[in-house]
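Here are a few exercises to work through with the viewer open. Grab the model and try each one before reading its solution.

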Amino acid sequence: MDITIEKVPGTELKTKPDGNSLGFGAIFTDHMFVMEYDKDQGWHHARVTKYSNFSFDPAAMVLHYGQAIFEGLKAYRGHDNQIYLFRPKDNLERMNLSATRMCMPTLNIDDVYEGLQALLKTEQDWVPAVEGASLYIRPTMIATEAGLGVRPANRYLFYIILSPVGAYYPEGFNPVKIFVTDKYVRAVPGGVGNAKTAGNYAASIMAALEAQKQGFTQVLWLDAVHRKYIEEVGTMNIFFVIGDEVITPPLSGSILPGITRDSVIKLMRDWGCAVSERPISIDEVFEASSKGMLNEVFGTGTAAVISPVGSLFYKEQTCSVNNGKTGKLARRLFEELQNMQYGRNPAPYGWISHL
Ligand code: COI
């Protein structure tokens, strides 16, 4: 693919932040990757260009009917100063699944990967040299055609922006407090819960705000039909360790097929753990806790990495997990993933790519 590189003059480059005090997603680099789509030309005009505002028609279809999808992955700087990516093409494959579900054009994975590499080469000085910090990569696609008829748009913009980040949750790798909601639902069977589309996140905000007001970090969603089976947490998939069994909800169509979820399932199975992808109800979790069998709960996600859960609050009852402390398995998974992502240990399954 032809990619034009339009570099920002050195005198106009932004000051890079201190890698030790990064939050999540508030700072953006100097450049972005952009390309456009229309029905006749397909994807075209690929470029690495200055990070700057877009200009849209007020009738751009994304603003009205929500054809917007995105991905999240990270670039890591190893102690050897090399830049590593974790399963980048898997994120792009998942973006194509989201595109198909939202009636948006799919991407040529190799072309987009080439665009991502070109962007990262331009911005490599932005990858923080601090353990736990990384350069978050946000590929995004939106419908830009102006029109008020409800149908798939004929014009789209695809872009990749970069943001140096630290931990997603203020707690870092410390256990979070989770609110289990049976008042709101995130997704319904047959809906778009398994697509990484903007509307799913918009729909989650009210429940998250209510939970935060009561001192909780995140919401755990139950299934929309029975309001009983566990689905996922706002920004991550979830795992329970009951006795010796590790349980995570199956990819039923209403939860996001997490890349970190898939990675930890493979790692744990390689370690000989019994991992079940099966429906698990909130009652089963509370019952296991009351019998002293709920050993660990943790979430997985690109932004969150591995996030131990210290307690769950449901119907006015709290179940404490492992006395509110990080469990052994969560710690082992966190360390194993970080060791691969920062290039200290080799990764299985070809998971790591170099810039
Ligand atoms: C990610 O983990 O990359 C996500 O997309 C979660 C995000 C909404 C913060």
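**Exercise 1. Work out which domains supply the shell around the ligand.**

Bear in mind that this is a predicted model. Start with the domain assignment: it gives domain 1 (3–166) and domain 2 (176–341). Next, list the residues around the ligand: Phe70, Gly72, Tyr136, Arg138, Tyr168, Lys196, Tyr201, Thr302 and Ala303. Now put the list against the bounds, and you'll find that domain 1 and domain 2 each contribute at least three residues to the shell.

**Exercise 2. Sort the shell around the ligand by residue class.**

Go through the residues one by one, counting Tyr as nonpolar and Gly as polar. You end up with five nonpolar, two polar and two charged residues.

**Exercise 3. Find polar atoms of the protein that pair with oxygen atoms of the ligand, using a 3.5 Å cut-off.**

Then check the backbone: a polar backbone atom of Thr302 sits 3.3 Å from a ligand oxygen. As for burial, the ligand on its own exposes 280 Å², and the protein buries 91% of that. The space it takes is the largest pocket.

**Exercise 4. Describe how domain 1 and domain 2 are placed.**

Take the centres over C-alpha atoms: they are 27 Å apart.

Terms used: Residues are numbered from 1 along each chain as its sequence is written. This is a predicted model: local features need pLDDT of at least 70, side-chain atom pairs count only at pLDDT 80 or more; totals for chains, interfaces and linings use all residues. Side-chain values use heavy atoms; hydrogens and water are left out. A residue is near a molecule or strand if one of its heavy atoms lies within 4 Å of it. A polar contact is a pair of N or O atoms within 3.5 Å; within protein, one must be able to donate a hydrogen and the other to accept it, and residues adjacent in sequence count only if both atoms are side-chain atoms. Accessible areas come from the Shrake-Rupley method with a 1.4 Å probe; for residues, only the protein chains shown count as cover. On a 1 Å grid over the protein atoms alone, a cavity is a set of points where a 1.4 Å probe fits but cannot get out, and a pocket is an open set with protein on both sides within 12 Å along at least five of seven lines; lining residues have an atom within 4 Å of a point. A molecule sits in a cavity or pocket if more than half of its atoms lie within 2 Å of its grid points. Domain bounds come from an automatic or database domain assignment.
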